[in-house]
Amino acid sequence: MCQLLGMNCNVPTDIVFSFTGFAHRGGRTDTHHDGWGIAFFEGSGVRHFVDHQAAIDSPIAELIKRYPIKSTNVIAHIRKATQGQVALENCHPFVRELWGRYWVFAHNGDLKDFAPTLHGPFRPVGNTDSELAFCWLMQELRNTFGDTPPAVADLRTALERLVPQIAAHGTFNMLLSDGTALFTHCSTKLCYIVRQYPFASACLSDEDLSVDFSQETTPNDRVAIIVTEPLTNNETWTEFQPGELKVFVDGLPQ
């Protein structure tokens with residue numbers, strides 16, 4: 001299956017270190033070689049990069065490793081196809097507009113017999129179960145709240161009702177953000193770490209690379225990293241429980 005990487009923080013931060021290790025799983029240290037993508041929220045905008053090449057071979061991935069784009073919410077994905085051919089339109093994360101702001105979504109898993117009725121403006125472009133699930137979620141959030149953008153707590157309540165309806169069809173590990181918070185759900189495997197003062201060094205598991213975060217941060221910084229499998233071998237990661245939905249705001253789980 002695919003793998004997910006997300007970042008949520010209280011100040012704009014780059015994801016170069018984590019993405020460097022994560023990208024190696026896209027064809028070098030793991031077999032997720034059917035495309036990749038990443039999206040960065042910046043103000044009201046989103047920088048969105050996808051490529052149907054394996055992350056380890058992609059010149060765009062090399063750019064991301066070397067370009068310290070700063071953001072408070074990032075979602076990345078490396079793909080091992082289960083539904084839908086290897087093509088650009090099937091690469092996560094997917095992006096849609098709702099309530100005048102961008103929403104970004106990525107999914108790890110496989111949904112069986114998931115065929116919801118879509119009756120609004122949200123329609124898949126590709127042919128993955130993931131994009132279909134995203135469109136249905138956007139539709140149902142729009143149906144729930146109408147034209148009024150809800151608060152984060154209300155969004156969480158709605159997702160706690162909607163997400164199990166998708167997860168009933170199979171594995172549904174997901175990351176979803178509108179730039180104000182990062183909504184996460186675990187069916188089978190997801191973990192996270194919160195890095196904050198006093199910062200220490202971290203060593204990647206998939207690459208001979210380490211960083212001393214105390215030299216790169218201020219005492220007020222706080223960064224949460226959410227990923228399918230731990231990215232470092234010298235830090236303590238917290239595992240999600242199956243069926244757990246967490247919301248990250250300003251680098252902390254809610």
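Modeller: Buried means under 20% relative accessible area, and exposed means over 50%. This is a predicted model, and the values discussed here are computed from it.

Colleague: What makes phenylalanine 240 count as buried?

Modeller: Its relative accessibility is 4%. The cut-off is under 20%, so phenylalanine 240 counts as buried.

Colleague: How do you know that the rings of tyrosine 192 and phenylalanine 240 are edge-to-face?

Modeller: They belong to a set of 11 aromatic pairs in the structure. The ring centres are 5.7 Å apart and the planes stand at 80°. A pair needs centres within 6.5 Å, and planes over 60 degrees apart count as edge-to-face, so this pair is edge-to-face.

Colleague: Why is this pair said to tie together parts that are apart in sequence?

Modeller: Tyrosine 192 lies in strand E9 (residues 191-196), while phenylalanine 240 is in the loop between strand E13 (238-239) and strand E14 (245-249). The parts are 48 residues apart in sequence, so the pair ties them together. Tyrosine 192 has a relative accessibility of 12% and therefore also counts as buried.

Colleague: What makes the pair of tyrosine 192 and phenylalanine 248 edge-to-face?

Modeller: Here the ring centres are 5.3 Å apart and the planes are at 75°. With the cut-off at over 60 degrees, the pair is therefore edge-to-face. This pair links E9, which holds tyrosine 192, to E14, which holds phenylalanine 248, 56 residues apart. Phenylalanine 248 counts as buried because its relative accessibility is 0%.

Colleague: Which residue lies over the face of phenylalanine 240?

Modeller: Lysine 246, at 6.0 Å from the ring centre.

Colleague: Why is threonine 184 called buried, and what does threonine 184 touch?

Modeller: A relative accessibility of 0% is under the 20% limit, so threonine 184 counts as buried. Its place is in strand E8 (residues 182-185). Residues up to four places away in sequence aside, threonine 184 touches Phe240, Lys246 and Phe248, among others, including Met174, Leu175 and Ile226.

Colleague: What makes strand E6 mostly covered?

Modeller: Of the 8 residues in E6 (residues 101-108), 6 are buried. On one side of the pairing list is strand E5 (residues 94-98), antiparallel to E6 over 5 bridges, with glutamate 97 opposite tyrosine 102. Strand E7 (residues 173-177) is also joined to E6 by 5 bridges and runs antiparallel; there, alanine 106 has leucine 175 as its bridge partner.

Colleague: Is aspartate 113 buried or exposed?

Modeller: Exposed, because its relative accessible area is 74% and the limit is over 50%. Aspartate 113 has a positive phi of about 55° as well, although it is not a glycine, and is found in the loop between E6 and helix H3.

Colleague: Which peptide bonds are cis?

Modeller: One joins histidine 92 and proline 93, with omega about -5°; proline 93 lies in the loop between strand E4 (70-78) and E5. Another runs from tyrosine 197 to proline 198, with omega near 0°, and proline 198 is in the loop between E9 and strand E10 (201-203).

Colleague: How does the span of helix H4 stand against the expected value?

Modeller: H4 (residues 152-167) reaches 21 Å from its first C-alpha to its last, close to the 22 Å expected. Leucine 159 is one of the buried residues of H4, among them Leu155 and Leu162. The cover over these buried residues includes E6, E7, E8 and E14.

Colleague: Why are strand E3 and E13 said to stand at the edges?

Modeller: The open sheet of 7 strands has the order E3-E2-E4-E1-E12-E9-E13, with antiparallel pairing. E3 (45-51) and E13 each have a single partner strand, so one side of each is left without a neighbour in the sheet. Within this sheet, E9 pairs with strand E12 (residues 222-227) over 6 bridges, and valine 194 stands opposite alanine 224.

Conventions: Residues numbered from 1 in each chain as written. Predicted model: local features only at pLDDT ≥ 70, side-chain atom pairs only at ≥ 80, totals over all residues. Heavy atoms only, no water. Helix = DSSP H or I, 4+ residues; strand = E, 2+ residues; numbered from the N terminus. Buried < 20%, exposed > 50% of the residue type's maximum accessible area, 1.4 Å probe, protein only. Contact = heavy atoms within 4.5 Å. Pairing = 2+ DSSP bridges. Phe/Tyr/Trp six-rings, centres within 6.5 Å; stacked < 30°, edge-to-face > 60°. Lys NZ or Arg CZ within 6 Å of the ring centre and 35° of its normal. Expected span 1.5 Å × (residues − 1).
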